[in-house]
Amino acid sequence: MILFFIRSFNDVDHIVPIVYKMAGLDKGKIFVLCQNPSFDINGDFRLAFLKDKFDNVEIEQIYSYAGYSNDDSSRNGHLNAKWAKKLYERLQATALIFDYVIDSDQFVTGPLLQAAGEMNIPTIGVPPGLPVFSDGYFPDTDLFKKEVRTELNYNIVPHQIDADYRVKHGFRPDRVRVLGSARFCKEWRDIINTIVPPDKLPEDEAENKLKVVYMERGADLHGRYKKVIGESIAKMSLLDCMHLIIKPHTRARTLHFSDTCGCSNIAGEANSINLIKWADVVIGTNSSILIEALMQDKILLYPKYFHDDEMIFNEMGTCWSVHSSEELENVLREIHSGNFERPYSRENVDALFEKIVYGGRNNRDVLDDYVRFIRKVESKKTIAI
């Protein structure tokens with residue numbers, strides 16, 4: 001039996017498409033086990049979709065298999081490798097799927113991995129996001145390097161840039177497979193666009209204002225740029241030509257700067273898909289949700305002066321790059337006037353999708369490739385790269 005482990009909104013976003021495809025291809029039992037007792041598995045619309053559609057998918061809190069309630073803070077000390085082995089035996093586990101942003105001290109990940117190694121059950125890391133760093137750029141921040149310092153047997157990655165990053169930091173090349181993005185492939189986007197719950201968002205048509213969403217990055221890695229970012233967002237929120245909504249990153253769930261003006265809306269609970277549908281312009285730097293903006297054909301503004309990182313959409317010419325607060329304001333006013341031309345082409349955007357969403361192969365059946373690879377690992381066949 002395949003076991004999938006989840007812990008946060010982002011993991012679910014990228015793992016549910018794989019479960020969906022696997023559950024539809026065969027009727028074998030699949031378990032989705034949540035390690036985070038604070039995550040509401042009963043209130044998540046993506047998990048609800050799986051429950052409603054498939055009889056062969058079970059979604060549970062992992063602690064229920066140890067006789068603990070979610071609010072029992074003493075449980076983790078008793079959930080060791082011996083307990084994990086019993087769990088695997090009970091569920092007849094044949095392969096284990098984690099997101100690869102793994103910290104063995106997080107929840108009960110350590111015992112789960114230890115038991116898997118002792119029982120020779122293969123483990124696979126799947127993407128909890130879509131990295132958007134540019135080709136050849138290798139961020140040295142420990143937060144990113146931690147992704148490859150794991151005991152997982154295999155990593156599935158969306159594109160070759162991500163594969164190169166893992167190999168550079170020590171992951172074995174023969175254990176990395178480039179298969180595209182489960183979350184952003186067309187098959188899953190056609191589904192999630194029909195199941196995402198509606199959000200109540202401002203209606204500004206009568207005011208003729210430009211609708212703008214700023215997508216905050218996840219971890220607080222702004223460093224010396226934090227003040228510049230805060231000041232720029234505050235200035236934007238005061239522009240009379242636009243309505244600004246700020247979306248905190250779904251993993252951090254908080255803003256990393258405090259200089260915003262009270263005029264702007266903080267949309268912590270609204271779904272990013274709905275926010276992008278609402279928007280005319282999406283602004284951001286590092287978040288993979290910016291790919292959704294391009295897929296919805298919204299104007300993507302990239303404030304390069306917000307950070308030192310190198311982004312793929314800037315390198316491939318699929319965004320409107322600005323280099324100062326003044327330039328950002330001028331571009332927004334230009335867009336509001338209607339007298340503008342996007343400085344990037346549809347051809348470049350399509351090339352970007354092929355490279356990072358479909359792993360370099362535009363006709364790739366992403367979800368089918370994920371399932372076939374997982375089944376090969378499960379059967380312990382040699383995986384050719």
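**Exercise 1.** State what share of the residues of the protein chain counts as buried, and describe its accessible surface.

*Solution.* Step 1: the chain has 385 residues, and 57% of them count as buried; the cut-off for this is under 20% relative accessible area. Step 2: the accessible surface comes to about 16300 Å². Step 3: carbon and sulfur atoms hold 46% of that surface.

**Exercise 2.** The model is predicted. Find its average confidence and the elements with the lowest and highest mean pLDDT.

*Solution.* Step 1: the average pLDDT of the protein chain is 88, and 85% of the residues reach at least 70. Step 2: the lowest mean among the elements, 66, belongs to helix α5 (residues 142–145). Step 3: the highest, 98, belongs to helix α13 (residues 346–357).

**Exercise 3.** Count the secondary structure elements and work out what share of contacts links residues 24 or more positions apart.

*Solution.* Step 1: the protein chain has 14 helices and 13 strands. Step 2: take the contacts with a separation of 6 or more; residues 24 or more positions apart make up 72% of these.

**Exercise 4.** Describe the largest nonpolar core and the surroundings of Ile291.

*Solution.* Step 1: this core holds 103 residues, of which Phe4, Leu50, Ile291, Phe313 and Leu332 touch the most other members. Step 2: helix α1 (residues 9–25) contributes the most to this core, namely 8 residues. Step 3: leaving aside residues up to four places away in sequence, Ile291 touches Leu130, Val132, Phe184, Leu352, Phe353, Ile356 and Val357.

Methods:
Residues numbered from 1 in each chain as written. Predicted model: local features only at pLDDT ≥ 70, side-chain atom pairs only at ≥ 80, totals over all residues. Heavy atoms only, no water. Helix = DSSP H or I, 4+ residues; strand = E, 2+ residues; numbered from the N terminus. Buried < 20%, exposed > 50% of the residue type's maximum accessible area, 1.4 Å probe, protein only. Contact = heavy atoms within 4.5 Å. Areas by Shrake-Rupley, 256 points an atom, 1.4 Å probe, with all protein chains shown as cover. pLDDT = per-residue confidence, 0-100. Core = buried A, V, L, I, M, F, W, Y, C linked by side-chain atoms within 4.5 Å.
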